[in-house]
Amino acid sequence: MGGGLMPIISAELVHAGGKPAAAELEQQLLSGQTLLSESADHLIEVVDVLKSYGEVLDAYSINLIFQAEQQFLLPFPLFKYLDGDKNPAKIWRHLIHDRINFEYAEYCMKAMLWHGTGGLDAYLDSDAFAANCAAIIRRKTRLDPLLALLNPLFRGFLPELIRTAATTHALGQFWRVMSDLFIDLAEAEADGRVASIDAVVEFIKDGLVAAAANPITYGVEVDGEHFWVLPPEAGLTFLVDVAVPYVEAVFLRGMPFLGTVSFNAQAQQISPDQAQFAYGALFADPLPSMGAGIPPSLLMQDMFRHLPERLHQWYRERTRGEGDVRVKICMSFQKSMFCVTNAAIRGTFPQPLNSSEPAAQAANRAYAAAWASRLATARTDCLD
Amino acid sequence: MLSLLLLIPLVGALSLALWPGNPSPGRMRTVALVVLGLQLIWSLLVLLRFDTGLSGMQLQESFVWVGSIGLDYRLGVDGLSMPLVLINSALTLVSAICTRDINQRPRIYFALLLVISGAVNGAFLAENLLLFFLFYELELIPLWFLISIWGGANRAYAATKFLIFTAVSGILILGAFLGLALLTGSVDFSLTPVTSERLAMGGQLVLLGALLVGFGIKVPLFPFHNWLPDAHTQASTPVSVLLAGVLLKLGTYGLLRFCMGLFPEAWALLAPGLAIWAAVSVLFGSLAAIAQQDMKRMVAYSSVGHMGYILLAAAAATPVALLGAVFQMVSHGLISALLFLLVGIVYRKTGTRDLSVLHGLLNPERGLPFTGTLMILGVMASAGMPGMAGFISEFMVFRGSITAFPLATLLSMVGSGLTAVYFLLLVNRAFFGRLAVTPASDAVSDGRLDVRLAPVAPRETIPAMGLAFAVVAIGLLPSGLGKLSEAASTSMAQLPALVAALQLAALHPWGVG
């Protein structure tokens with residue numbers, strides 16, 4: 001308005017973070033430095049956002065396992081988000097949306113199923129899996145006339161639903177471990193065992209390594225008989241067969257959001273090669289959170305419901321306070337996901353980092369370089 | 001009763017100017033708000049006393065002021081001026097409400113605002129040509145100050161341009177009024193229509209021509225619109241609200257009251273040409289708006305287009321078209337004020353109005369989502385979406401004009417379609433997509449920028465919400481306003497219709513049809 005006021009310069013309203021080069025990121029990984037810079041603020045953000053994430057993942061995990069086990073091949077799973085509790089009060093809370101957005105868990109499951117990398121996906125395409133499916137479908141179609149009608153018409157339909165259920169269950173098992181790990185992390189930070197970003201990364205790495213060999217199995221009851229979908233003899237394990245594909249599908253590749261890029265093939269804004277996708281959690285733009293067509297908004301809302309008071313207060317003191325809290329949660333979440341990625345990379349170096357053998361060093365360098373080249377185009381601006 | 005509509009703001013202005021001591025800007029604003037609140041309440045009381053069944057002037061007050069030159073203090077209100085008085089009271093209050101953080105000469109600022117409001121009331125209520133002219137000129141100088149003191153960086157240029165254009169407009173109008181006295185040989189400056197018996201057609205055409213250009217500048221109509229975009233761009237938001245919402249209406253009011261009302265015969269003769277002029281103005285305003293990069297200039301050019309509808313309706317002069325013209329004056333006042341308020345909020349928060357720079361302001365948490373929502377409502381109303389004020393007025397203008405001037409009406413309808421084009425461009429560029437307030441250099445690096453705009457406080461949007469509510473209310477319940485103006489617009493329509501019938505009879509003395 002009138003004179004005497006300082007004019008607003010648009011450029012002052014805009015903040016650009018750094019964009020470290022791939023070589024710099026590679027060096028950080030090899031030297032054991034954390035990707036996220038050390039600071040007291042970062043520690044609060046990462047630990048507290050992971051704590052709320054842990055609580056949300058607990059609910060997601062319980063629900064995914066419930067869906068895979070109790071809603072298996074149900075044609076109309078109306079109550080799939082209720083975890084078997086059909087109490088009218090719970091249904092009411094569900095209807096007025098006083099609930100966790102389990103849709104986001106399914107969205108991540110679909111990302112894993114669609115990108116289909118790693119041991120789990122390989123097993124889902126194996127003959128052994130096909131044989132299991134055939135047995136399950138035989139028994140199931142005897143009971144269910146609708147499925148009995150659909151199965152001969154669409155041969156691929158029920159096996160695909162079983163693959164979906166298997167991925168759902170595997171993701172549920174993965175998140176069970178991660179949920180406990182993140183809540184343990186918050187406890188460790190509260191009692192002083194974790195006091196730096198490096199300690200956070202180390203804590204998560206230890207948790208991942210400890211769970212690395214956990215078997216991933218999945219069986220269902222059909223008409224009182226137990227069938228294996230992912231049997232123990234398939235030899236699927238936590239880290240290689242589920243965690244790594246999850247990171248690939250959800251952290252790195254992801255799926256483009258409606259309204260942010262053109263889905264029109266002629267616009268060529270989306271690579272026809274799925275492996276080139278870079279829309280995952282580490283690449284996503286936090287600013288449009290809560291906009292239409294941005295599925296992670298669901299997760300941000302869920303984490304907002306479980307936000308620890310310390311972080312909530314921290315947010316209230318910054319930018320728009322409560323007004324843009326979900327965008328800030330998304331920014332903190334992105335930082336914490338860099339820490340988780342950092343821990344996963346640390347835990348999966350082919351050779352010990354302190355090895356002095358040239359061959360081991362070369363192998364580690366190649367591994368770090370491969371990661372660094374992918375991370376160089378991610379939202380590394382949040383790491384400063 | 002009507003004199004208080006002048007006295008309240010003018011006495012308010014005087015007391016602000018003479019307020020003892022050195023009161024704070026906030027105190028000045030409060031006083032102005034109280035005065036304008038009183039003015040609005042009094043306008044509503046006048047509305048209550050207003051008899052919608054009467055077509056002529058009501059609640060008249062008069063005394064002879066300077067009888068020798070024909071200057072009578074004669075006030076009255078009819079269905080044409082009543083809605084405009086209400087709009088004036090409401091929008092001046094809105095512009096005082098949205099004047100915040102004024103720390104430069106607040107005393108003069110608010111006093112000038114009140115002077116303008118009182119002068120505009122005077123112009124709308126005056127039943128004497130010279131009295132109208134006095135008030136018409138009285139509003140000019142305060143507005144020049146408001147632009148040239150509290151305006152943007154280029155305010156001196158814009159204010160001077162405004163002054164020159166409007167002064168020429170004033171001279172032409174005064175010239176026409178005095179010319180009328182000279183040619184008719186009487187100093188009767190009342191609103192009595194001038195017939196051929198009093199003045200030959202040639203003289204009527206000359207005087208009407210001067211009035212048309214004079215009011216055409218104020219409206220503004222192409223090609224006299226040049227001052228408006230600059231004035232709007234440099235004026236602060238409250239002044240733009242007043243300028244678009246109220247002051248332009250002096251021009252359209254003049255067209256209806258003085259051009260058409262005083263010279264119905266010459267008006268009927270010129271009507272086909274005026275309709276084409278209206279269509280040209282509509283199309284020019286719309287096309288120019290499409291080309292704008294500055295949001296405020298775009299809204300300003302849209303005014304040029306939308307004021308053209310009123311000339312079209314006046315040219316057609318059917319009862320429906322004239323009622324449409326009144327509706328268009330009210331709805332344009334509300335809608336353009338709403339749009340300028342919203343552009344003002346965008347400018348205050350982002351420091352720019354450049355459409356090549358602004359993006360994604362609808363961003364739910366970091367942008368200006370509620371402002372964007374109101375903006376979408378405002379542009380839909382402006383583009384004539386059913387359910388809002390713009391639709392009612394445009395529909396009536398077109399419905400009332402299409403039989404008289406089908407080509408000009410169809411061309412004006414194209415202009416209405418173009419409104420959707422430029423305002424969708426505005427909304428699409430500034431409000432959709434990824435949030436940005438700086439020029440795009442590289443898609444990837446721009447996509448990484450964190451944008452931290454200050455939030456819009458609820459109180460900042462309250463005036464805009466009030467206007468948006470009025471826009472929807474008139475759109476859904478137009479009958480109230482219709483009833484208010486129907487009698488007046490019907491009787492106004494009878495003037496040229498009567499003239500046309502007489503001409504027809506003169507051409508075909510043996511009687512046809």
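**Figure 1. Contacts in chain B, counted by how far apart the partners sit in sequence.** In this predicted model, take the contacts in chain B between residues at least 6 apart in sequence: 81% of them join residues at least 24 apart. Chain B has 19 helices and three strands. Its radius of gyration is 23 Å, close to the 24 Å that the globule rule gives for 513 residues, so chain B is as compact as a globular protein of that length. Along the principal axes, the C-alpha atoms of chain B fill a box of roughly 80 × 60 × 40 Å. And 59% of the 513 residues count as buried.

**Figure 2. A look at B:Leu2.** You'll find B:Leu2 in the segment before α1 (3-18) of chain B. B:Leu2 counts as buried because it has 24 C-beta neighbours inside 10 Å, and 20 or more is what a buried residue needs. Skip the neighbours within four places in sequence, and the contacts of B:Leu2 include B:Val46, B:Glu61 and B:Leu125.

**Figure 3. Where chain A meets chain B.** Here 29 residues of chain A are in contact with 27 residues of chain B. On the chain A side, β1 (14-15) and α13 (325-347) are the elements that give two or more residues. That side of chain A splits into 13 nonpolar, 10 polar and six charged residues.

**Figure 4. Strands pairing across the two chains.** β1(A) and strand β3 (residues 450-451) of chain B run antiparallel, joined by two bridges. Look for A:Val14, which stands opposite B:Val451 in β3(B).

Terms used:
Residues numbered from 1 in each chain as written. Chains lettered and ligands numbered in written order. Predicted model: local features only at pLDDT ≥ 70, side-chain atom pairs only at ≥ 80, totals over all residues. Contact = placed C-beta atoms within 7 Å. Helix = DSSP H or I, 4+ residues; strand = E, 2+ residues; numbered from the N terminus. Nonpolar A, V, L, I, M, F, W, Y, C, P; charged D, E, K, R; others polar. Pairing = 2+ DSSP bridges. Buried ≥ 20, exposed ≤ 12 C-beta atoms within 10 Å, placed from the backbone. Rg over C-alpha atoms; globule rule 2.2 N^0.38 Å.
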